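Subject: Handover of a structure and the findings from it

Dear colleague,

Please find below the structure that I am handing over to you.

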Amino acid sequence: MAAADAPCTAQLAPISLGQVGAFSGFLEPTLGGFRPGLAAWAAEVNARGGVQCHPIRLSQRDDGSDPARTTSAVKSLIQDQKVVAMVGADIPITISAYRAATAAAGVPTVGGDLTHPDWNRDPLLYPSGNVSLAGNTGAIKAMVQNTGLKKIGLIHCVEAEICGLLRDGLEEMAAKAGATLVSTQAASLTQTDYTSQCQNLKTAGAEIMFTALDTSGNQRFFKSCASIGFRPPSATSSIAVGPNTAADPNIQAASVYLSSSNPSYVNDSIAPVQAFLNAMKRYAPGARIDQSAMGGYSAGKLFEAGMAKVAAKARNGPVTTALIIEGMDSLKNDTIGGFSSVPLTFKPGGPHPTGDCYFITLINKQGLTDLTKGRPQCL
């Protein structure tokens, strides 16, 4: 039996981990599941004796998508709670402030929302799957293949840097997926109505869409478009669509293709999803179950995988930041037991690029369907 899998004969010192995320405010309905997902993982692993016999002590902080609160939360976790790593960061809007605070302390982050390319660039960020730009291209490709439509429009938010990156990159992404960009519309996540953007897209000849909005923004957009008889099939990231949005009749009537770096949470026929659902049912009863919760749980599984690489050291002393980085940098071609769409290899000193494979979930009148059937597709 490998050291990493040997039964624990004694409980060792706790490992203090921190999590910062948008657990309140306008992004909570979109990404708030990261909090219960990671908490369920921590409870589950502690019931098994901890990570390499060290119980997990998890401290979670809400930043409300406010960069000042992000900085304060990170500093408090590192200085006051003595966390040795961050896990499951949910920071799509505050990533610049987050990176500055964690880099100043040399503390790594294991897994998170994976929306920004910085997840592939920063040596202290360890992504738990593919970063979203590649996956979003995959969602467009699946939509083009299924519908035969190729003229694509974009509506993007003005609040988040990632929305601007999608605006700047969508023409190339569309070309890779076999589509042609015909119109780009900017909008605010706080708008109550998007009829003017819908009309502009319709007039421009958009047959299909990519939406760079949050979950409630997506609902308002599809409602506005339906009011003028415009129901284009669309693509977006899976963590931008919460359970309420997935059940929205306007969303279902249009058909929406969702990309994700982790398996679709609706496919309970595969082992990773079964493990996630069982953990949520037992350790987070009543919590929402969606792709963001899967993201939080997957981040914990990535942390476990890294620590397994340094099991002998971990079982013979304290788990330090340096040991965690050593473990993460030892991962090679690891899919975390099927939780990642791409084999993960992290090299010492980074950065940590990931591949271009993804999972696709379809929302239509039949509900949610795992189009990739638990098997990643690649560009």
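The notes below set out the basis of the description, then helix packing, the cores, and some individual residues.

This is a predicted model, in which local features need pLDDT of at least 70 and side-chain atom pairs count only at pLDDT 80 or more, while totals for chains, interfaces and linings use all residues. Residues are numbered from 1 along each chain as its sequence is written, and side-chain values use heavy atoms, with hydrogens and water left out.

Helix packing

Helices (H or I, at least four residues) and strands (E, at least two) are DSSP runs numbered from the N terminus. Axes are lines fitted to C-alpha atoms, for helices over the stretch in contact, and angles run from 0 to 180 degrees between N-to-C directions. Contact means heavy atoms within 4.5 Å.

Helix α2 (residues 34-47) and helix α13 (residues 291-308) have axes that come within 6 Å and cross at roughly 40 degrees. This makes α2 oblique to α13; angles under 35 degrees count as roughly parallel, over 145 as roughly antiparallel, 65 to 115 as roughly perpendicular, and the rest as oblique. The crossing of α2 past α13 is right-handed; a crossing is right-handed if the near helix is turned clockwise from the far one by less than a right angle, and left-handed if anticlockwise. On the α2 side the contact is made by F34, G37, L38, W41, E44 and V45, and on the α13 side by residues including S292, Y297, K301 and F303. The residues of this contact of α2 with α13 comprise seven nonpolar, five polar and three charged. Here Ala, Val, Leu, Ile, Met, Phe, Trp, Tyr, Cys and Pro count as nonpolar, Asp, Glu, Lys and Arg as charged, and the others, Gly among them, as polar.

Helix α2 also packs with helix α12 (residues 271-283): their axes come within 9 Å and cross at roughly 85 degrees. That places α2 roughly perpendicular to α12. In this contact, P36, G37, A40, A43, E44 and A47 of α2 meet A275, A279, M280 and Y283 of α12. By class, the contact of α2 with α12 has eight nonpolar residues, one polar and one charged.

Elsewhere, the axes of helix α8 (residues 195-203) and helix α9 (residues 215-226) come within 8 Å and cross at roughly 60 degrees. The two helices are therefore oblique to each other, and α8 passes α9 in a right-handed crossing. The contact brings T195, C198 and L201 of α8 to F221, S224 and C225 of α9. Its residues divide into four nonpolar, two polar and no charged.

Nonpolar cores

In soluble globular proteins, nonpolar side chains tend to be buried together. Buried means under 20% relative accessible area, exposed over 50%, and partly exposed in between (1.4 Å probe, protein chains only). A nonpolar core is a set of buried Ala, Val, Leu, Ile, Met, Phe, Trp, Tyr and Cys residues joined through side-chain atoms within 4.5 Å.

The largest nonpolar core has 45 residues, and those with the most contacts inside it are I140, I152, F210 and F221. Helix α7 (residues 161-176) gives the most to this core, with six residues. Leaving aside neighbours within four places in sequence, I140 is in contact with I152, L170, A177, A179, F210 and A235. A second, separate core of 42 residues includes A299, L302, V342 and F346.

Individual residues

T236 belongs to strand β9 (residues 234-237) and counts as buried, at 2% relative accessibility. Beyond neighbours within four places in sequence, its contacts include N136, F210, V256 and Y257.

P233 lies in the loop between α9 and β9 and is buried, with a relative accessible area of 14%. Not counting residues up to four places away in sequence, P233 touches M143, T147, L149, E207, I208, M209, A254 and S255.

L114 lies in the loop between β4 (109-112) and α5 (118-121) and is buried, at 2% relative accessible area. N333, in the loop between α15 and β11, counts as exposed at 60% relative accessibility.

P351 is also found in the loop between α15 (321-328) and β11 (357-364). The peptide bond from G350 to P351 is cis, with omega near -5 degrees.

Yours sincerely
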